[in-house]
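Please read the report below with the sequence and the model open beside it.

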Amino acid sequence: MTRLRLKTSPRRSAVALVALTLGLAGVGIAAPGQAAVEPASTVVSRPASGTSAVTRTETVVRQSFAADGSTTQVDRRTVRLAVSATTNLRGRQELNVTWTGAHPTGGLVSDVNSSAGVNEEYPFVLLECRGVDSTGVPAAKQLSPETCWTQTSVERYNSNLNTTYPAWRSDAFETDANRARIVGAPSPRPHACPRAAAAERWIPMIAASGTVYEGGDFGCAGQAPEASNIGGTGLPSNATYGITGTDGGGSAEFSAWTEDENATLGCSSSVPCALVAIPIMGISCDGYGTRLPAADRPDSATGSDAQAQCQSPDVFSPGQIAVPGTQPNLATSGALWWSASNWRNRITVPLQFAVSSNVCSVVSKEKPLAIYGSTLLNELTAQWEPKFCTDEKLFPFVHVQTAEDSARTLLNVGNVEGAFGSRMPDGGFGRPVVQAPIAVTGFAISYVIDDANGRPYDKLRLDPRLLAKLLSQSYPVNSIGKGSDPAIAANPVNITEDPEFQALNPGLPHYTAVEAASTLLTLSSDADMVYALTSYLNDDPDARAFLDGKADPWGMVVNPAYKQVRLPVYSWPLQDDNLATSAYISGGNNPCYTHSPGPYLSLVANPTAFVSTIVLNMQYAISNVGIACPNGDPNDVSTLKLSTQGRQQPGFRFVLGIVPLSSIARYNLTAASLRSGPPPTTAGGSAARAADTVSAGTYVAPDNAGLRAAAALFTADKAAKTWKVDYDALQTAAARTAYPGTLPVYADIPTTGLPAADASKFATFLTYAAGAGQTAGLLNGQLPPGYLPMTRANGLGALAGYTARAALAVKAQRGFVPSLDAADDVTTPTSQGGTGPSSPSAPIPGATPGSPAGSPALGSAAAPSTSVALFRTVGHDSPLGRLGLPLMLLTFLLLGAAGMLLRWSEVIVPVVVSAGRVARPRTPGKRKGSS
Amino acid sequence: MTIQVVEAPTPRTVVRTEAPIDGKPPARYPRAEVQLAVSRAMIVIALFAAWILVYLTVFSGFEQNHEQSRLYGRMRTELALGVAPTGAPIAAGAPVAVLSIPRLGLKNEVVVEGTATSQLQDGPGHLRGSVLPGQHGVSELLGRALSFGAPFGSLDTLRAGDPITVTTGQGTFTYLVSGARHQGDPVPAAPAANDGRLTLVSAVGSGFLARLAPSETIYVDATLTGKAVGAGPVTDQIATEQPMSTHVTSGALAFLALNLQLLLIVLLATAWLRARWSSLGGWVVGTPMVLAALWAVSSLASQLLPNLV
């Protein structure tokens, strides 16, 4: 970059530098005193949720065909379906589906995603299907039951050993061929499959690749790789046998899958898919076969049996819970979701998926730029990566998710070129590294808790002391834990028994048998968000006092293993190594534990290495408590492996975990409100008084308002050149509306030693992050929900402005790290570290003339506008311009002097010589023009 | 000049050859003569370099002043008649706007259409392909940094907030400087609806003699205060009118050749007059003629320079 040589007096140069550096940044539009100039940036507010919501209404009927062919209408309903989002979907995004007007469901199962749902009567079936629901497209691209995903074989295979006319053969709307005795069976029949039953119907699964998985009895003829016969521990199925209440309404969370989650289904931005809702009405019975050709009709006795079979009364009344072992009425059960009678009632809602970062490996030839670190940016980079690799003005980059602190260490020693993280390493970097804010987000305590009615609770409030109790394993879990840790045996067994929790969350049931209610699922690997969480606990007087051994007002004490634990930490240490009592170990109740006993409370805590695991567990209410022993056979060592408890029973769920804030919106999780502001004054006194005190605190939800208030409390560390979360300020009255889990995420990029090409890319990345990237939205390249846009409107103009200036320092690669306040770079020229020359040639862009120096408060500092496009100025260069006139001047001076010397040498030389002498002899130069 | 003859020694054997022996010493110019000729050549070249310097920095400015006063008169008339252009097509070299930048000391500088070398000799030029000043969008004006009055000679001294006033057929518009940028710096986002931006483009030098060596482009952006008027028609960009481009038509080259011949004839004539008539008379008659021819040659030859220099 060119430096500007100023021809002004030194006195004015500072002012001029301010003006010119503003220009260099290319971002400064407005400045104090220029109120007339409006910034060109437009802050796009976050699109209201549900902008792509869809509502459909469909009239569904069930008919009956008598022996004489006359029809009667058995049932007729008008179903109204609403889907919360249908466009720009991303993998595993949860869609909220609600419906009204459907037939009430009977024989309810607890897990509507399990294959047990086929035994419900009149379920509201939700499936994700590949294809377009239109006869206007080629058959291969049409949507059909064969392209709908189900997890298990029983959902696609029906057989009946007793009768040749089960209900599905009486389907009036089925084609003649499909009303045959055996339909869809592969030929030849695979040996693995049992002999043909009296009647069979196979619904093969056609994969996106074209492979046909025939399925069959327990998948005997081949199943998709993602399928399983028993609900696996992996991703729970998204096929939903939704429950319609007696009022005809119902709702479900439907997880939309892309090819990343399910390659067989293969939905993507280019492969159209749809959510298909099938309100099961039952088979429109034509047992007499009046709609079949005469030759195919059953005889009258068989026909009347078939009709009776098809029209059998329902087994369950609406709203009745399924009774194990009781078979439902097949004609109205979910098992026949594919039948023509039900399929014709379907409501198809096309789903449009966003371009995912998978596209990058296809479209880009160049090696992506790798940036290591923070999982807090997962959702952000998921939207930025496809934008960067598909925009030819940009470049592909890849976010390698690692622990922030190790990424910083790698950066410090030069093994990686860029890192994402949320804090400055202790002692700073050992080389010039600019720490440029990319996003303001944070951590969240996510949970799934069912209230006394079995409905999800969504008003959870937690204070630091409760978090400290959970993390420090101070709840004894159950009698086994009490035995292993007698010191905490008097404590409440889990958080639902804790009066402090009950004071904050009144009315929640006491889950004494749910082990997961005594712990908070956290990370076993390092993470800045755990550092933030533990900083929050550490700076809270009550939580710290509890950890230091002071009993809470109700007499609960800390687990001695964690007494006076040193905080903050990057990952929560497992310090309780007490085994269960020997009586339990030898008792044989848990053969796995008997086989390999371990610290009991640590097995309950069972932190995981991956943020994605926590998110998955929170999405599906999977308990990570690692004390389960499914199918443990004391005689078979291979079965004696302690495992996690798995998915919890709906209605009785209780899981807590720490997740990145951006996951909350993406996966439709719920997040707890955390206490902020001044700690409520502990009155001492009675337990009731203490409960009042606890609930008197202010609890802040992790929404944009909470983030904005917290970001206003960031303190600018001018020496370290970074912004920090001030946990002490979170104890002040100003923090009453501030979400304490707020964290900035920085891109740490060296300003010396990078190859020019990479430096330029990083500069582009930072420029993007300071400008276009802060537009909230769900499109690729935008800022997903869960991140607070760094805009002036949000009081974060200074952060974005710093990132814009950092971009120039990164591009220049002169070892210069800009100061937080641009004015500081002008008044006190910095030549930090590097070998580069000092101030005048160092890039010191983006200053704002006349801004009050020394007030870097976020709200007040006038920052440059963040509206920076991604275009870079195209410079032009002229060698003639550079050399032409200086050469002329040189020619004139040299040749002129030489020529004159030659021409008048006899005059000039004596004069010069005589002038050199001390004694000046009178030798007048001869006036002689001897030409 | 005398020729010294070497006396032959008396008794000797004479060997005859076909050609007579040249007894003269090898002819050579006296040292003083060579010295004189070389020194003269050097001085002439030095004077020529000085002329180029002075022409580009001073005399070419007179040319632009002259053109400016002509253009200003024309622009005044057009503004008064309301026929000043508001959009393409505009003939190259026609006045399109009047520009004032107090910080640079520019007052009522007439902006011409087109940015080829010859148009920028008349004044700042409006880059074809961009909208006219005052209109919605980005309007780019190019100006010389060194020669022909150097209207944009010190763009780098503009500060954020400096006003720039432009008068076109659509009114008078005031811009405020927002910043300067160089190669690789981010370009500000496109102006929003009803906003306009004026980008002044010129060249700056670096290092020692920066003022004399404008070699790299500098862009100064200014934001319109108030509402922009609608954009008029815009022509396509022309490659030879981009910043720092050099474009010489064959016609201009032919004209340059003719003028060089004229200069040669004038020089020869002057020399002839001095030799045949009188030294003083030669000088008196020759100098104006030589200067006039030199000026014409310089004016044409300066089109070989990049348009922003």
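## Confidence of the model

The score called pLDDT is the predictor's confidence in each residue, on a scale from 0 to 100. This is a predicted model, in which local features need pLDDT of at least 70 and side-chain atom pairs count only at pLDDT 80 or more, while totals for chains, interfaces and linings use all residues. Residues are numbered from 1 along each chain as its sequence is written, chains are lettered from A and ligands numbered from 1 in the order in which they are written, and side-chain values use heavy atoms, with hydrogens and water left out.

For the complex, the predictor gives an ipTM of 0.80 and a pTM of 0.63. Chain A has a mean pLDDT of 83, with 86% of its residues at 70 or more, and chain B averages 85, with 91% of its residues scoring at least 70.

Helices (H or I, at least four residues) and strands (E, at least two) are DSSP runs, numbered from the N terminus. In chain A, confidence is lowest in helix H1 (residues 10-25), at a mean of 40, and highest in strand S12 (residues 273-279), at 96. In chain B, the lowest mean, 77, belongs to strand S7 (residues 186-188), and the highest, 93, to strand S1 (residues 95-101).

A contact means heavy atoms within 4.5 Å. Over residues 826-870 of chain A pLDDT stays under 50, and the model has 116 contacts beyond four places in sequence for them; over residues 1-50 of chain A pLDDT also stays under 50, with 109 such contacts. Where pLDDT is low, the predicted coordinates should not be read in detail.

## The barrel of chain B

Two strands pair if DSSP finds at least two bridges between them. In chain B, eight strands form a closed barrel with mixed pairing, in the order S1-S2-S3-S4-S8-S9-S6-S5. S1(B) and strand S5 (residues 163-168) of chain B run antiparallel and are joined by three bridges, and Ser100(B) stands opposite Thr165(B) in S5(B).

## Two helices of chain A

Axes are lines fitted to C-alpha atoms, for helices over the stretch in contact, and angles run from 0 to 180 degrees between N-to-C directions. Helix H5 (residues 378-390) of chain A packs against helix H19 (residues 756-770) of chain A at an angle of about 125°, with the axes 13 Å apart. H5(A) is therefore oblique to H19(A), where angles under 35 degrees count as roughly parallel, over 145 as roughly antiparallel, 65 to 115 as roughly perpendicular and the rest as oblique. Trp384(A), Lys387(A) and Phe388(A) of H5(A) make the contact with Phe765(A), Tyr768(A) and Ala769(A) of H19(A).
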